Amino acid sequence: MLKKIFKHGELTLVAQYKKNQLVQHDLHDLFWECTLTCNAKCKHCGSNAESRKYDNELTTDEIKNAFSQIAKDMEIKNILVNVTGGEPMLRADLCEVMTHAADLGFRWGMTSNGMLFNDENIEQMKKAKLETISISIDGIGKTHDDFRGVAGSYDKILENIGKLKKANFLVHLQVTTIFHKGNLSELEELYEVISKLGVTSWRIGIMDPIGRGKENEDLLLNGTEIKSILDFIKAKNKKEKDKLQIIYACPGFLGLDYEKDVRGYYFYCRTGISVASILYNGDLFVCPNVKRRPELLQGNIRTDNFADVWKNKYQQFRTQERTKCAYCEKCEQWDYCLGGAYHTWDFDANLQKNCPYDMIFKGDKNA
């Protein structure tokens, strides 16, 4: 397989593309973590979001002004604003802020647990020009409810997806599922349920050892279990190309046997390269799932100009060496992986703590 791809130069081009991106850092995805408050308490939450009110949240005017400044100083036609949380629907001014952003020319999407939609706020989102939404379903019935910590949420989410479909304004309506030991047995059954919802795609991920996931490590999948998911996606996508699109999510390089078949592209972590975020308190950061260490913060939108920060800072994320360690350097996949996902990097031990390639092909849980 390796020789075949090298013969056609494909993998060499992939490696070169990734290295070039470390220099050509055009912003494509800007996350706005609009709140950390959440109405659920999910066992995998990388942000440890809770129902309490968090201090120092950006005000309506502050985030509006931030979007105005970015639109003034940057070329925004290729930037997608990804609204996340916590639960975005708990922010009362969400549609007011995003209507302002859309009027400036931003495109936007949102991730949500899907519990709080109603006819009124769906109409508001339509007027605010919401394009994409990803809603979580993490099992059938009680399996989902227990994982998310909210009784009855599964049925409510199915009802609300129906409302979104009826409103008929979204460019892309996605379901996201995080698999773990407690719901892996429901993979086929979930496929049957989700394929009948009429959504655009199904995004499948695995539980990572970050945030609240570190408190529930007994739920983490091993390499054999991850491989079973990848084989499932590969088979479904090959057999049913014109039906439900199934996409494997972010974490880690999967090796040449899987990358293009389960994602449609070769993975590398774009955090700080073409991905940035404005956190709930205004901090300028990379992917919101990355551990929030002081040395990784790049500024604050209350005091700093985002365009200047994006251009002149973030340099520590734009080097090929950012997630290099003695173990990764010896790996045959290094040129194409570049250390894997930054949000699962162990900064204290200086190693990748969640390498799916190792887990699948070498039988190791961690690098």
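Predicted model: local features only at pLDDT ≥ 70, side-chain atom pairs only at ≥ 80, totals over all residues.

Student: Good. At what angle do α3 and α4 pack?

Tutor: Helix α3 (residues 60–73) packs against helix α4 (residues 94–104) at about 15 degrees, and their axes are 10 Å apart. That angle makes α3 roughly parallel to α4. The crossing of α3 over α4 is right-handed.

Student: Which residues make the contact between α3 and α4?

Tutor: From α3, Thr60, Ile63, Lys64, Phe67, Ser68 and Ala71 take part, and from α4, Glu96, Val97, Met98, His100, Ala101 and Leu104. Sorted by class, the contact of α3 with α4 has seven nonpolar, three polar and two charged residues.

Student: Let's take another pair. How do the axes of α5 and α7 cross?

Tutor: Helix α5 (residues 119–127) and helix α7 (residues 153–167) cross at roughly 45 degrees, with axes that come within 11 Å. That makes α5 oblique to α7. Here α5 passes α7 in a right-handed crossing.

Student: And what makes the contact there, by residue?

Tutor: Asp119, Ile122 and Lys126 of α5 meet Lys163, Leu164 and Ala167 of α7. The contact of α5 with α7 divides into three nonpolar, no polar and three charged residues.

Student: Switching to charges: how many salt bridges does a search of the whole structure find?

Tutor: The search finds 23 salt bridges. As background, side chains of opposite charge can pair when their charged atoms come close.

Student: Which residues are linked in a network of salt bridges?

Tutor: Lys53, Glu57, Arg91 and Asp93 are linked that way. Within that group, the side chains of Lys53 and Glu57 meet at 3.3 Å, N to O. Glu57 also forms a salt bridge with Arg91, where the closest N and O atoms are 3.6 Å apart.

Student: What parts does the pair of Glu57 and Arg91 tie together?

Tutor: Glu57 lies in the loop between β1 (29–33) and α3, while Arg91 lies in the loop between β2 (80–84) and α4, so the pair ties together parts that are 34 residues apart in sequence.

Student: What about Lys236 and Glu188, how do their side chains meet?

Tutor: They meet in a salt bridge of 3.8 Å, N to O. Lys236 sits in helix α9 (residues 223–239) and Glu188 in helix α8 (residues 187–195), so this pair ties together parts that are 48 residues apart in sequence. Lys236 counts as buried at 14% relative accessibility, whereas Glu188 counts as partly exposed at 42%.

Student: OK, new topic. Where is Ile278?

Tutor: Ile278 is in strand β8 (residues 275–278). With 0% relative accessibility, Ile278 counts as buried.

Student: What does Ile278 touch, leaving out residues up to four places away in sequence?

Tutor: Its contacts are Leu30, Phe31, Trp32, Glu33, Leu58, Ile63, Ile70, Asp283, Leu284 and Ile301. Take Ile63: Ile278 and Ile63 are 215 residues apart in sequence and 9.1 Å apart in space, C-alpha to C-alpha.

Student: Nice link. Now the backbone: which peptide bond is cis?

Tutor: The bond from Gly85 to Gly86 is cis, with omega near 20 degrees. Gly86 is in the loop between β2 and α4, and Arg91 is found in that loop too.

Student: What about phi for Lys129?

Tutor: Phi of Lys129 is near 65 degrees, a positive value in a residue other than glycine. Lys129 is in the loop between α5 and β4 (132–136).

Student: And Tyr314, what is its phi?

Tutor: Tyr314 has a positive phi of about 60 degrees, although it is not a glycine. Tyr314 is in the loop between α11 (306–312) and α12 (326–329).

Student: Buried or exposed, for Lys129 and Tyr314?

Tutor: Lys129 counts as exposed at 51% relative accessibility, while Tyr314 counts as buried at 0%.

How values were computed:
Residues numbered from 1 in each chain as written. Heavy atoms only, no water. Axes fitted to C-alpha atoms, helices over the stretch in contact; angles between N-to-C directions. Helix = DSSP H or I, 4+ residues; strand = E, 2+ residues; numbered from the N terminus. Parallel < 35°, antiparallel > 145°, perpendicular 65-115°, else oblique. Left-handed = near helix turned anticlockwise from the far one by under 90°. Contact = heavy atoms within 4.5 Å. Nonpolar A, V, L, I, M, F, W, Y, C, P; charged D, E, K, R; others polar. Salt bridge = Lys/Arg side-chain N within 4 Å of Asp/Glu carboxyl O. Buried < 20%, exposed > 50% of the residue type's maximum accessible area, 1.4 Å probe, protein only.
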